[in-house]
Amino acid sequence: MNDFQQIHSRRKFLAQAGAGFGALAFGSMLGRDGFTARAANVAINPLQPLASRPPHHSARAKSVIWLFMEGGPSHLDLFDPKPALDRLAGQPMPESFGKPITAMGTAGNTIMPTKRQWKQHGQSGIWISDWYPHIAKHADDLAILRSCWADGLNHVGSVCQMNTGDILAGRPAIGAWTTYGLGSANDNLPSFVILTDEAEVNGGPKNWSSGFLPATFQGTMFRRDGTPIFHLSPPGVVSDRQQRSKLDLLNALNRHYALDKSEDTELAARLNSYELAYRMQTAAPEAVDLARETEATRNLYGLDDKLTAKFGGNCLLARRLVERGVRFVQCYCGSGSAWDAHSDIEGNHSKWCKISDRPIAGLLADLNSRGLLDSTLVVWGGEFGRTPFNEKGNGRDHNPWGFTTWMAGGGVKAGTVVGATDEIGLRAVQDRAHVHDIHATILHLMGLDHAALTYLHNGRDERATINGGEVIKPLLS
Amino acid sequence: MGCFANAGRLLALIGVVGLVAARAEPNPPEFSDRERAHWAFQTVRQPSVPSMRDKWIRNPVDSFILAAQKAQHISPNPPTDKVTLVRRATLDLTGLPPTPGEVDAFLADRQPKAFDRVVDRLLSSPQYGERWARHWLDLARYAESEGFKADETRPNAWRYRDYVIKAFNDDKPYDRFVQEQIAGDELWPENPEARIATAFNRHYPDESNARNLMQRRQEILNDITDTVGGVFSGLTYACARCHDHKFDPIRQVDYYRLQAFFANTAADDNIPLTPSAALTEHQLRLAGWEVKTRDLRAEMEEIEAPKRNDIIKDYAEKYPEEIQTALNKPASARTAFEAQMVAKAKLYLDPSSHQYIASTKAVAAALKGDTRKHWDELNKQLQTYAPLHPGNLPLGTGVVDLGTEAPKTFLLGRGNWDSRQQEVAPGLLSILDPKPATITMPANVRSTGRRSALAMLLTDPENPLTARVMVNRIWHHHFGRGIVATPSDFGFKGERPTHPALLDWLAGEFVRSGWSIKAMHRLIMTSSTYEQVATHFETAARIDPENKLLWHFPRQRLEGEVIRDSALAVAGRLNVQMSGPSIFPELPAGMESRGGWPVNHDSLDRDRRSIYVFVRRNTRYPMFDTFDMPDTHESCARRNVTTSPLQALTLLNSAQMLDLAQSFAGRVFREAGSDRNRQIIEAYRIAFARSPSKSETAMLNDFFQRQDKILRERAEAGERLAQPSAVTAPVDPVHAAVLVDLCHTLMNSNEFVYRN
């Protein structure tokens with residue numbers, strides 16, 4: 001079944017287009033040869049590939065804000081206290097733990113205890129270290145997943161996997177899968193947005209690529225300097241009225257061109273895309289204009305402090321985007337691997353915890369007070385955690401075998417701890433949660449079944465979770 | 001297939017040193033009747049051309065197409081008008097719009113076979129190779145950088161791009177083209193071109209920061225296996241990496257049988273390209289420079305040595321033990337597998353590698369204080385001798401085997417690099433031939449001969465896949481859809497051929513023509529099938545909505561590269577200079593590119609064709625990225641065609657497009673002067689190769705009036721207006737700016753970005 005069978009007159013075509021997506025219950029199509037129709041297993045409106053689509057099941061969250069602490073924050077010093085580290089301090093790792101291949105060849109080094117003070121917080125009594133005092137006040141909103149594990153040793157592969165499911169680049173990002181599955185929930189902004197605060201993310205745009213999915217679903221990076229999107233505003237020598245008039249001519253030319261090609265939905269989609277682009281020119285600058293927020297709100301995110309202003313600004317922007325129907329915001333803290341504390345973890349993490357603590361707490365509080373937390377899934381984590389043994393005496397190496405991610409908001413069981421690492425926090429041992437499980441859970445909360453959301457590529461019905469993935473049930477409310 | 005005539009040719013080519021006796025696998029896989037009967041594995045038949053008499057038929061392609069249509073009670077469309085046809089063919093073969101002169105010449109040629117002459121002219125233009133090489137580069141996952149974190153430049157990767165362009169322009173026989181890419185180093189070791197061709201298997205993404213080289217090697221081998229299996233055989237081998245293929249008769253062992261051909265393969269980034277006479281001259285000059293600078297360099301090396309040792313030690317110590325052990329052994333004591341590990345590590349530890357981690361630059365950066373000052377002084381002195389230095393020799397990049405003995409290949413449990421199971425010998429798909437391949441060690445190069453054997457197996461005329469897959473790719477690019485719509489998946493999950501007999505007939509013609517790709521273009525393009533109008537008819541659409549039977553020509557959106565090239569062409573700015581290192585056109589202001597993006601200063605360089613734009617894996621040129629340029633991390637046989645607001649923003653708002661619109665307007669102005677009706681006619685002629693209709697002229701005149709008013713107000717307010725470029729005659733700045741707006745709009749229009 002295909003569009004051409006359904007749409008064989010211009011009149012009917014326009015009637016259906018006008019009736020909105022709900023009326024277009026036929027097979028999806030992007031490519032004119034019908035191949036994409038068979039590759040995709042969601043019904044995509046060829047006129048508006050980004051039109052909103054119904055979820056597989058009722059969604060618990062409408063949007064995701066993923067706070068990505070790039071470089072690998074230490075679970076052992078933040079959310080996963082291990083008294084055994086004190087006992088084993090200065091000794092080599094007991095032989096029973098084997099000798100993993102690490103990024104820096106440090107597995108023979110001695111165990112390093114944490115210097116943190118730990119306390120239980122809130123009604124739930126969740127352990128959080130003194131590096132995160134503001135977030136600790138929201139302990140009862142958090143669902144802490146202490147048993148994460150991943151496949152990569154290096155940053156670039158691990159960041160790539162946390163975004164796309166695979167340590168090798170080339171697959172669609174989880175945000176692209178979400179957009180593919182659900183379409184957009186707004187009609188003047190991109191649906192999948194990336195925010196960075198420091199250097200380029202390791203691996204760059206591969207991490208928000210649409211991979212083998214149509215490019216329509218790729219993420220868009222919003223910049224903080226200049227216009228948020230490249231080419232968002234007309235060149236300086238073109239005024240708005242002038243551009244509108246050009247667009248009117250363009251529409252007239254394109255309609256004229258399509259007179260004897262009315263069956264061609266691709267031409268119509270192209271016409272629509274110019275109108276969407278035109279609306280975006282106004283909507284995106286408005287969305288990123290933080291000056292429209294009250295001073296109280298701005299301060300809540302730490303915009304009054306030079307140290308926290310940048311990442312805080314991104315957190316506030318993430319909220320504004322979510323309010324405007326953006327489905328997926330990938331919000332990096334320390335982009336370009338700032339959390340990578342191979343040495344001097346004290347100095348490194350003290351700084352980056354301070355940078356992220358108030359803004360994240362502010363985001364949780366703000367979402368809560370606006371009634372947005374119920375419909376927004378907040379995810380916190382890095383691409384991996386850090387090792388119990390030292391590197392260079394005062395740092396920690398990469399640890400993909402066991403680390404912590406937490407979630408809050410839409411559909412998450414607040415005030416809970418799931419899973420556990422071993423005695424020294426090296427490996428996840430209880431309720432182990434692979435990256436694919438995290439992705440399956442996020443898709444589930446967004447109303448999508450990770451196993452059913454597929455796209456035929458090179459002979460496989462590819463899915464976000466590759467071969468694996470199970471929804472982490474204990475995390476769900 | 002079974003017996004392979006090419007085995008004899010291979011022996012003749014490389015001479016016999018030793019034959020590895022074929023031994024049967026212990027348990028050859030079993031296949032069901034259904035699997036054995038799958039169409040793609042059957043020998044290519046020699047179907048007779050349907051005997052039909054119809055004046056629509058121009059060549060046998062039409063007979064097959066018409067027969068299939070008749071069976072469904074569909075009639076083909078009439079031929080399109082000559083202007084549309086020449087635009088279609090020119091974009092198709094060269095990726096550029098026809099010039100007004102070319103259109104006029106075709107319109108004026110009323111002799112029979114006028115279009116055949118157009119096709120011949122296009123096929124012999126150098127722009128043909130540039131256009132069709134791009135299709136091949138998609139398959140080869142071609143990029144000029146490593147990918148992963150640092151995304152470092154691969155300095156000589158572009159030579160492969162030039163090789164492919166030349167191969168298409170020379171109409172290199174496809175069998176030879178395949179042989180060179182798989183095993184050029186073994187088959188023609190003295191021929192630099194053949195060795196550069198082996199870069200096909202060097203385009204894998206790679207991680208310079210990897211520690212576990214055992215895993216990294218396996219990932220590279222997987223990349224090569226997936227790519228070779230998909231590109232030359234049209235099979236989704238990758239699905240059989242972890243288990244037997246779920247749909248196709250590709251057993252897991254077959255994955256590793258194909259992989260075993262590459263077991264001893266490693267990167268070769270130092271392929272010498274200098275003729276021996278020039279080499280002698282170079283060595284003489286170098287020796288002169290070395291003598292004069294010996295003391296100075298010795299002094300510098302003394303300063304550098306401790307830092308250099310630190311850098312190397314720190315790097316090497318991060319490797320797992322087994323790799324450190326291999327590094328510390330004398331070369332003769334290393335196993336073949338260890339040699340593989342060392343070759344990989346040497347990309348970073350060998351001073352002759354462009355990725356050497358302790359390069360002079362890296363070491364100098366680590367020097368501090370007075371030491372650095374002293375070093376800088378010495379370096380300054382050294383630089384005074386630079387004019388005596390002959391410069392670096394040009395080098396090519398590709399692959400070679402590391403000697404005559406290959407590490408063993410194992411079937412890997414779940415595809416994990418460290419789950420070795422049974423040993424596997426090189427071989428084709430078991431369903432085609434379960435025996436191990438016969439390997440002949442080449443006489444004049446230290447290599448296993450494995451890849452030569454594979455090259456010959458793939459290009460054996462009896463191979464049921466190779467010719468079918470390639471003619472289908474050619475068809476796919478002409479019509480936007482292959483006879484098999486999944487050009488790299490001829491398996492059960494792929495699409496069935498819409499015209500199986502035609503596919504076989506074409507495959508047969510392909511081999512009979514001496515594997516000539518240009519002969520295939522001629523055959524396909526001089527058919528009535530190709531010349532049809534693109535118009536849609538409801539009666540036919542009801543029966544065949546997807547146009548599988550080709551009752552009309554399928555309209556196609558141009559690729560990002562072609563849109564850019566077309567814009568440069570209509571702007572009169574296209575620099576057709578061919579070959580050489582890649583160019584770096586402007587990025588949007590503020591865009592980062594790790595690995596670097598040194599924008600060319602000279603606009604002449606920036607205005608070269610898109611195939612010469614540098615391909616940085618992690619930061620593809622944004623305009624191409626937005627228009628579905630493939631990812632370059634894996635082979636792409638069929639680009640997506642998507643429509644997005646970011647495409648609209650790029651064409652509408654980028655400084656580059658406005659700049660080109662100004663040049664386009666300047667060209668119109670120079671040709672047509674300030675008469676607006678003449679401007680409209682000229683702009684249409686350049687952009688669309690046709691005259692505007694009356695209603696279009698009326699539409700544009702409306703626009704002129706409306707835009708005059710808007711821009712007049714802006715001019716009176718003292719605002720700057722975009723003016724046509726390179727116009728010397730006096731112009732009304734408002735009228736001129738309106739013309740720029742018109743030209744800009746035409747370049748955004750559907751007619752401009754579609755091949756009709």
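## An enclosed helix

In helix α24 of chain B, the residues B:Gly560, B:Glu561, B:Val562, B:Ile563, B:Arg564, B:Asp565, B:Ser566, B:Ala567, B:Leu568, B:Ala569 and B:Val570 are buried, where buried means that 20 or more other C-beta atoms lie within 10 Å of the residue's own, exposed means 12 or fewer, partly exposed falls in between, and C-beta atoms are placed from the backbone. Because 11 of the 11 residues of α24(B), which spans residues 560–570, are buried, the helix is largely enclosed by the rest of the structure. Just after α24(B), B:Gly572 takes a positive phi of about 75°. Helices (H or I, at least four residues) and strands (E, at least two) are DSSP runs, numbered from the N terminus.

## About the model

This is a predicted model, in which local features need pLDDT of at least 70 and side-chain atom pairs count only at pLDDT 80 or more, while totals for chains, interfaces and linings use all residues. Residues are numbered from 1 along each chain as its sequence is written, and chains are lettered from A and ligands numbered from 1 in the order in which they are written.

## Helix packing in chain B

Helix α6 of chain B, residues 114–123, has as its buried residues B:Phe115, B:Val118, B:Val119, B:Leu122 and B:Leu123. Seen down the axis of α6(B), these buried residues fall within an arc of 130°, so they line one face of the helix; the arc is that of the directions from the helix axis to the C-beta atoms. The buried residues of α6(B) pack against α4 (82–94), α5 (100–108), α7 (126–139) and α21 (517–525) of chain B, contact being counted when the C-beta atoms of two residues, placed from the backbone, lie within 7 Å.

The axes of α19 (residues 466–479) and α20 (residues 500–512) of chain B come within 8 Å and cross at roughly 105°, which makes α19(B) roughly perpendicular to α20(B). Axes are lines fitted to C-alpha atoms, for helices over the stretch in contact, and angles run from 0 to 180 degrees between N-to-C directions; those under 35 degrees count as roughly parallel, over 145 as roughly antiparallel, 65 to 115 as roughly perpendicular and the rest as oblique. On the α19(B) side, B:Ala467, B:Arg468, B:Met470, B:Val471 and B:Asn472 meet B:Leu503, B:Leu506, B:Ala507, B:Phe510 and B:Val511 of α20(B).

## Individual residues

Two residues other than glycine have positive phi values: B:Asp171 at about 50° and B:Leu550 near 55°. B:Asp171 lies in the loop between α8 (158–169) and α9 (174–187) of chain B, and counts as buried with 20 C-beta neighbours inside 10 Å. B:Leu550 sits in the loop between α23 and β7 (556–557) of chain B, and is buried, with 25 other C-beta atoms within 10 Å.

B:Glu186, found in helix α9 of chain B, is buried, with 30 other C-beta atoms within 10 Å. The C-alpha atoms of B:Glu186 and B:Arg446 are separated by 8.5 Å, although these residues are 260 apart along the chain.

## Where the chains meet

The contact between the chains takes 86 residues from chain B and 73 residues from chain A. On the side of chain B that touches chain A, the largest share, nine residues, comes from α30(B).
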